Amino acid sequence: MVTYLLSLLLEAMVWDGAFCSLGEGRRQWQQPSTPEPFNQSQSFLHGTFPPGFLWGTGTSAFQTEGASDRDGKGPSIWDHFTHTAPHRGVGGVADTASDSYTQWEEDVEALGYLGMHSYAFSLSWPRLFPDGVATSQPNMVAVEHYGRLLDRLRERGIEPVVTLFHWDLPQVLQEHYGGWKNDTLVGLFDVYAAFCFRTYGGRVRYWITMHNPYLVAVQGYGTGVHAPGETGDSTAPFIVAHNLIRAHAKAWHTYNTHFRPTQKGQVSLVLGSHWMVPHRGQTTPANVELCQQSMEAVLGWFANPIFRDGDYPASMRSTHRGLLPEFTPEEKLWVQGTADFFALSFGPNNLRLGRSLAHYGQMVFPDLRRVLGWVRLEYGDLSVLVAEGGWFSDAAVEREDTVAIYLMKRLINQVLQAIVFDGVRVFGYTAWSLVDGFEWNYGYSVRRGLFYVDFSQANRTRVPKTTAQFYRQVVKDNGFPGNETTREVKGRFPCDFHWGVAASTLQVNFHPYSPQFMDPHLYSWNLTGDGALRPVQGVKLHTRMPQCTDYLAIRGHLGIFESTGASHYRFALNWSLILPHGDLSNVDTEALRYYRCLLTELHKQGLEAMVTLYYPTNRVPLLGLPGPLHGSGGWLNGSTVEAFQSYAALCYRELGPWVSYWITINEPNRLVDAYKSGEEQHLAAHNLLLAHAKVWRLYEREYLSQQGGLVSLALHADWAEPANPFLESHATATQRFLLFELGRFLDPLLGGREGEGKSGMYPPEVRRYLEERARVMGLPGSPLPHFTDREREELRGALGFIALNHFTTRLVSPRPYSPQTAPPKPQQPQPPDHDCLLMSDPTWASSGLGQAVVPWGLRRVLHWVKERYGGGLPVVVTASGVDDQAPLKDLLRQHYIKSYLEEALRARQLDGVNLKGFYIWKLQDRHAPQFGLITSFQHQSQPKASIATYREIIDRSGFPGNNVTSSCRDSNHRTVCSICAHISENKPLLFFASCLLITLAVLVAVIIVIVRRKRTRRRRVGVPVCPVPLGMKCQLWERVALQRVTDRIHVVRR
């Protein structure tokens, strides 16, 4: 016995020596989630897993085998529980389940389809030993069944990962001993494990003694949700957990002593876990400590004795004093280190525990990377197998499990991040599960399988779900290899590229105002009295006309814009301000003069303007329209089209000489969303298109030859991807969405793919869809209006360039429809006629407002536009940006600007897109930090760090691959303009300084003249003689008189 304890002590010393810095799990809440230049908790890592990574899937016997009473199988506690206490769950039994006992060969074929490297399955203890005692004669039919399965797996090159106990305890042991509450089961389990090691060990390299013992103890003997369904004894879960740990340790020692030398296998147990994040993201020491205690109360309950010091966490010993059994000193040494790798279960069974989970006031969050990092910090540099990873779908989802794809993608990528960023030695991932089965207390109400099983059909055919197709691709690629969007791009944009900044409607600020030389009054200064200036009555002076320099706000605004280094400024006019009544009966000339002054100042500084005529606010009730126009129906009334034409003519005439690029309407495809019904939306879109075409023709007819500008309309152009890339219905819905969003407005102007050379018509695909939709829904007809011949003629080619506002990428799926679907209530907005649902990939980086940062989406939307409409017209990205809550150090925006411009360059270089400009949205924040390049706080403006990023790209005209500046930008010109701008900004000071200098010069000149005259006179006359006797002094008046007489004599002589 002494020798045995000494060997255990030596093993413990070796174990402790290997991990000298344990118990540091708290650090996991104090370190950033990614080393990228911005804090991005949902970042996606492109990369591959280590060579030889063990990709697998798994099942458990009770959930999938069925055949509950065939070939000599005895009942398990779950058989008894589901038949006698169906009220504990959602009902259902697993008598047939997925029928894997019969269809095991189909399961192996499914593994081959997936390309699996491993298969985790459990042996059924009551099938091998119906009486639960492994010293008795085994059920040889069952022994041979598992032997055939193992042989077939080895033939297919699939590594088996075999679990001895996955919750299906023989019912006879529950009845005779009370189940795991009785420590007799420790010995019985050891005998059963030894039989399995001896029988199958030559074909098994990885053994799992038991799966997620936490749920066995808490759910089986605490809440009663799992079999055997016991409740009411507060000590039972702790006793059960204690016996499970001892049973595992005993089986490990049995393998280590008797089987490891010959079989060379490894043994562990699967431990389930959740993850906690501090309340409201506040990583205070108190919150971190509570999160740590929550992890210790679930994962640490079982991991601490085995992977650390042989005892329960100190927090549990303190919290559950009197309930928690104690290990003897010998048991601590005996339990410690009884696992050859760390096997982790991370899925809904732990994350959905609800109130039974120890929250400690913190929040549960599904972050597998964080759990893996915590395990490394808490228990050392262990080899880790993710033995169960995955989520669930509702039973009605069947095989098109789109959401499950992204949850799987996220979990697997979190494992990759843990390997790459955190140094966790994960050697395998097990996607749970292979086939749909009986999901414990949830019965058949949820599905977790990669293969769909129709439980209403006797044959239980396996059909791969879309998650199976996705996982198959991940396994084939060994992860998420990078593509050309992840590789560095080198090149420059052309010299005439628009480096722009965009803003919304420009606010007209008449104050502060500097009315220099405009006051006609003459003032008297009461110098000796109160010092006041009082106007002289009846005197009026001539004054100059008002000048642009009087508007001090313009000077400051343009100074802010110049700090960005951009060459083009896009802003919008305020229609309702210029024409308050919506017509020319009342024109705000001062507002026009303000805009004119801004444009002339831009022009003086060598900068160009892109001006938007109508910038909808999307705020009811006016939507940015003059009140009378909105009151008469807005864009549902054709009179608004004519009013817009009059407004545009005024702007062209008054402002056109200083504007090179016009945007008639900003994002009409978003404006129509403000209307409730589909009929109203289509009519509004129809009138918006006609309004644009009329003002475009007006400019072409009356102003183009003189002003030489280009006119377009700007569309909101987010990219769309099929939410499920493996379903044709999703691909079709995505194209339909793009046609409704972009084609509905561009096809009438430029034509489309189906009608080369034709335009003035809506996309045929849209019209056909709406007609078929109306027929199916029993509607009278398509709500899409028709253009007249004259309108079609006006629309054809009415676009000087293609203007696109791009921010993000959406995932699109078709909206499910059935005749039984209840129509929306009249007061509720109707779903869009494109019948598409939008979602986002949770693995994409996202901003504080939830905007997904997807740089490659910009390139794809530009390519789509080129493919449909050709490359003849230039394309300008007229707005693109992201919100960033940082007041100054906006790292997310810096990443956004760089990555999106890289994709813009790829679109030019690789796809041949005629891209002519890129405008950052937007110039300045009004209140809290969001999209602006400039932040405003307490009326003080400060540039954010992203301005430096943008300026650097501008200076280099893109990404030339070195640090040289652009050769095509005339830096001298910009320097001169900067000096001129500086002079312009300080005109009053410079005027005062000039006056002062002139005055000083005049004074100096006068002094010089006086001095020189005096010197000349003295040289000519000499010293005057005083006519007084010698020895007397000449008085001053005598000298002056004599000098005057002498001067007169000189005059007479001349």
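**Strand β21 and beyond**

Analyst: Strand β21 (residues 568–572) is largely enclosed by the rest of the structure, because five of its five residues are buried. Buried here means under 20% relative accessible area, exposed means over 50%, and partly exposed is in between (1.4 Å probe, protein chains only). Strands (E, at least two residues) and helices (H or I, at least four) are DSSP runs, numbered from the N terminus. Keep in mind that this is a predicted model: local features need pLDDT of at least 70, side-chain atom pairs count only at pLDDT 80 or more, and totals for chains, interfaces and linings use all residues. Residues are numbered from 1 along each chain as its sequence is written, and side-chain values use heavy atoms, with hydrogens and water left out.

Back to β21: His568, Arg570 and Ala572 are buried on one side, and Tyr569 and Phe571 are buried on the other, so both faces are covered. As for neighbours, two strands pair if DSSP finds at least two bridges between them. β21 pairs in the parallel sense with strand β18 (residues 498–505) over four bridges, and Ala572 is the bridge partner of Thr505. Strand β22 (residues 608–614) also runs parallel to β21, joined to it by five bridges; there, Arg570 has Met610 as its bridge partner.

Now for the rest of the backbone. Helix α27 (residues 728–750) is mostly covered, with 17 of its 23 residues buried. It bends by about 60° at Gly743, where the bend is the angle between axes fitted to the seven residues ending there and the seven starting there. Just after α27, Gly751 takes a positive phi of about 85°.

There are cis peptide bonds to look at too. One runs from Trp432 to Ser433, with omega near 0°, and Ser433 lies in the loop between β12 (425–432) and β13 (446–447). Another joins Trp921 and Lys922, with omega about 5°; Lys922 is in the loop between β32 (915–921) and β33 (934–937).

Finally, a couple of non-glycine residues have positive phi. Ala67 has a phi of about 45° and is found in the loop between α2 (61–64) and α3 (77–84); Ala67 is buried, at 6% relative accessible area. For Lys264, phi is near 60°, and its place is the loop between α11 (260–263) and β6 (266–272). Lys264 counts as exposed, at 60% relative accessibility.
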